[in-house]
Amino acid sequence: MSREPKVGDLVEKIQAYYPTANVEMIREAYDFSARVHKGQKRLSGEPYLVHPMAVAGIIADLKLDVPSIVGGLLHDTVEDTLTTLDEVKSVFGQEIASLVDGVTKLSRVNFTSHEEKQAENFRKMILAMAKDVRVILIKLADRTHNMRTLGHMPVEKQIATAQETLEIYAPLSNRLGIAWIKDELEDLSLKYLHPEIYYQLKRNVAKKKTAREKYINEVLSIISKKLEEEGIDAEVTGRPKHFYSIYQKMESQNLLYDQIYDLVAFRILVDTVRECYETMGVIHAHWKPVPGRFKDYIALPKANMYQSLHTTVIGPYGERMEIQIRTHEMHRVAEEGIAAHWRYKEGKDFQFNEIQRFAWLRQLIEWQQNLQDPQEFLHNIKEDLFPEEVYVFTPKGDLLNFPKGATVIDFAYRIHSEVGHHCSGARVNGQLVPLKYLLRSGDTVEIITTHQQTPSRDWLKLVKTARAKSKIRNWIKSQQRERSVVLGRQILDSDLSRYKLDYATLRRQGRIDSIARELGMKDEETLLASIGYGKVTPRQVLTKLVPLEKLEPIRKQPEGTLERLFRLVSGQKRDLGIKVQGVEDVLVRFARCCHPLPGENIIGFITRGRGVTVHVSNCTTVLESDPHRKVEVSWQDNGQTPRPIKIEVSCVDRPGLLAAISAAITGADVNIARAQVRTFPDQKALNTFEVMITNSEQLQRVLRNISRVKGVYKAMRAKG
């Protein structure tokens with residue numbers, strides 16, 4: 001039985017860095033939270049109050065101000081108790097009420113899909129950050145404690161929460177520069193997403209603990225002695241890398257644990273920038289540096305204001321060592337990130353004036369304002385939270401940063417949307433280059449435009465930044481819509497003329513606008529586009545203008561070649577287990593790019609002459625399509641016909657493992673249609689299985705079974 005959390009411990013922690021803190025408000029918030037959460041329990045059986053107290057403790061670890069601590073104590077009161085926001089405001093004031101409101105979860109909002117809920121939730125957080133960045137810091141503290149106690153949740157919830165943490169919250173804490181939260185969230189996510197790998201790493205690290213500590217002490221002694229000889233006063237530490245960074249290296253370089261040598265990172269803290277570079281010279285003079293592994297983040301800080309010198313050298317016994325060199329102040333920023341920019345001065349409140357330096361926050365705010373599609377917003381955010389950056393110059397000498405792999409098209413869209421739309425090439429360092437040219441650090445780029453040049457769908461394969469992708473997609477969507485409006489007008493004109501009706505006259509009389517509204521369209525243009533797409537038929541318009549007895553009877557159209565072919569391939573046209581909202585008797589097919597399964601969130605796209613194509617709602621193809629072509633689709637109860645799905649399994653190459661994986665698949669009542677095995681020289685193997693899957697739950701069961709097989713690194717659904 002855990003002890004009841006004590007407010008005295010929290011107050012003591014806060015007073016250690018903020019002696020004049022308003023502890024009475026903290027005690028009042030504790031009493032308020034204890035009262036409204038009284039009787040509530042967590043799944044662990046602990047009193048619910050343990051959670052807000054732990055969140056407040058993490059916020060205190062970040063050394064934030066009193067309103068942030070109080071916000072942490074109260075962050076669940078509006079969502080999980082009968083307390084209202086007005087009550088919080090009346091007791092604690094507007095500032096704290098705004099923080100609580102910003103952090104309150106969105107469980108009361110009815111979203112159409114999990115992805116949309118996640119995207120919308122993230123969008124709200126960004127908006128809250130625009131007003132007060134403390135909201136996101138409280139949210140990160142909340143997520144950190146939830147991840148620490150995730151073991152009490154059901155397995156499905158563990159996996160979903162860990163995946164969301166790895167995709168959203170860990171990179172966000174990295175972008176905010178809070179290294180210790182990022183490391184902890186990544187390691188905890190690995191623990192629940194790949195438990196076999198996590199515990200194997202834990203065993204391996206523990207097994208070599210004595211040898212590693214001896215090695216660390218030896219290196220620390222050498223570095224300290226060399227710096228002392230040069231008159232440099234330094235604090236030198238060494239530590240094992242965290243599990244997730246080891247796992248990433250194993251994955252990216254196809255290595256086993258025993259093949260990774262730089263498992264230890266050393267850090268040297270000095271007083272001045274000059275001493276950073278002097279220390280680097282001492283290190284390189286004593287140990288041979290590895291070419292291409294030196295990074296100067298002091299001269300070119302990361303977007304989250306991280307500054308440090310990084311180098312990898314060949315240390316004792318021929319082992320690679322990563323060394324980071326920075327000042328004490330740089331280290332404070334590296335560990336605390338954005339929270340390091342709150343300043344406490346005797347007799348004054350906390351101040352934070354650095355927000356404008358976080359240029360990426362302004363980019364996120366701009367994207368969320370411009371993007372209406374939640375899936376596209378989330379997709380862009382995920383992409384942009386993982387940048388490896390290159391730095392290039394404009395002709396005027398301004399320095400711009402881009403993610404690694406960005407092209408001159410990305411550069412053009414950074415300058416202006418119109419420059420991007422009409423970009424036909426570029427001069428890089430005075431030389432003409434094509435649109436696919438990859439930007440390199442130090443390039444000077446000048447964009448060449450022509451009026452005739454316009455974006456194409458192929459550009460989406462060339463660009464890397466979310467801004468460029470968004471602008472190109474919007475342009476393509478607008479062109480698709482314009483064509484559909486023209487086609488819709490032609491179709492409607494033709495049908496109206498058969499009844500001696502004139503479109504222009506009806507429009508002047510306001511009849512077209514009126515019919516559009518009756519059919520649930522916002523205006524005439526939307527109505528015409530819907531006719532062009534095939535979402536609305538001309539007959540639906542005619543029924544509003546012509547008496548039913550005068551309308552020609554609907555003639556059944558002979559079945560088309562495509563429809564006949566599809567029926568032969570799929571069995572019955574209507575027996576795919578898909579219901580299309582608002583569209584009757586339409587050809588339905590599944591997208592080959594994402595192979596939707598019953599149980600997954602899906603969306604349909606109308607293509608004139610080809611019916612409705614069903615995609616998984618977060619499929620990248622969906623992002624590139626005109627949202628006006630979307631149609632709601634849902635699974636019917638009979639959508640249980642097994643369909644072929646490919647699964648990729650990376651594992652150790654050893655006898656008997658293929659049989660064990662096959663047994664794990666058949667153990668989930670799933671048949672294997674085809675299997676392919678590829679082995680590599682480093683004792684690794686990649687197996688591809690084509691299995692017959694009925695629904696998404698069955699697929700997840702198969703993947704879980706495979707992941708539990710000893711020797712399997714990762715099991716995942718293959719793309720395409």
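**Close-ups of aromatic rings in a predicted model**

**View 1. The whole protein chain.** The protein chain has 30 helices and 23 strands, where helices (H or I, at least four residues) and strands (E, at least two) are DSSP runs numbered from the N terminus. This is a predicted model, in which local features need pLDDT of at least 70, side-chain atom pairs count only at pLDDT 80 or more, and totals for chains, interfaces and linings use all residues. Residues are numbered from 1 along each chain as its sequence is written, and side-chain values use heavy atoms, with hydrogens and water left out.

View 2. Searching the whole structure turns up 8 aromatic pairs; rings of Phe, Tyr and Trp (its six-membered ring) pair if their centres lie within 6.5 Å, with planes under 30 degrees apart called stacked, over 60 edge-to-face and the rest tilted. One of the pairs is Phe32 with Phe92, edge-to-face at 5.5 Å centre to centre and 85 degrees between the planes. Phe32 belongs to helix α2 (residues 23-36) and Phe92 to helix α6 (residues 85-92), so the pair ties together parts 60 residues apart in sequence. Phe32 is buried at 6% relative accessibility, and Phe92 is buried too, with a relative accessible area of 7%.

**View 3. Tyr297, Tyr306 and a lysine.** Here the ring centres of Tyr297 and Tyr306 are 6.0 Å apart and their planes sit at 70 degrees, so this pair is edge-to-face. Both Tyr297 and Tyr306 are buried. Tyr297 also has the charged end of Lys302 over its ring, 4.8 Å from the centre; that takes NZ of Lys or CZ of Arg within 6 Å of the ring centre and within 35 degrees of the ring normal.

**View 4. An arginine over Phe402.** Arg414 has its charged end over the ring of Phe402, 4.4 Å from the ring's centre.

**View 5. A cluster of rings.** Tyr198, Tyr199 and Phe243 come together as one aromatic cluster.

**View 6. Where to be careful.** Mean pLDDT (the predictor's confidence in each residue, from 0 to 100) is 83 for the protein chain, and 82% of its residues reach 70 or more. Over residues 557-574, though, pLDDT stays under 50, and the model has 19 contacts beyond four places in sequence for them, a contact being heavy atoms within 4.5 Å. Where pLDDT is low, predicted coordinates should not be read in detail.

Terms used:
Buried < 20%, exposed > 50% of the residue type's maximum accessible area, 1.4 Å probe, protein only.
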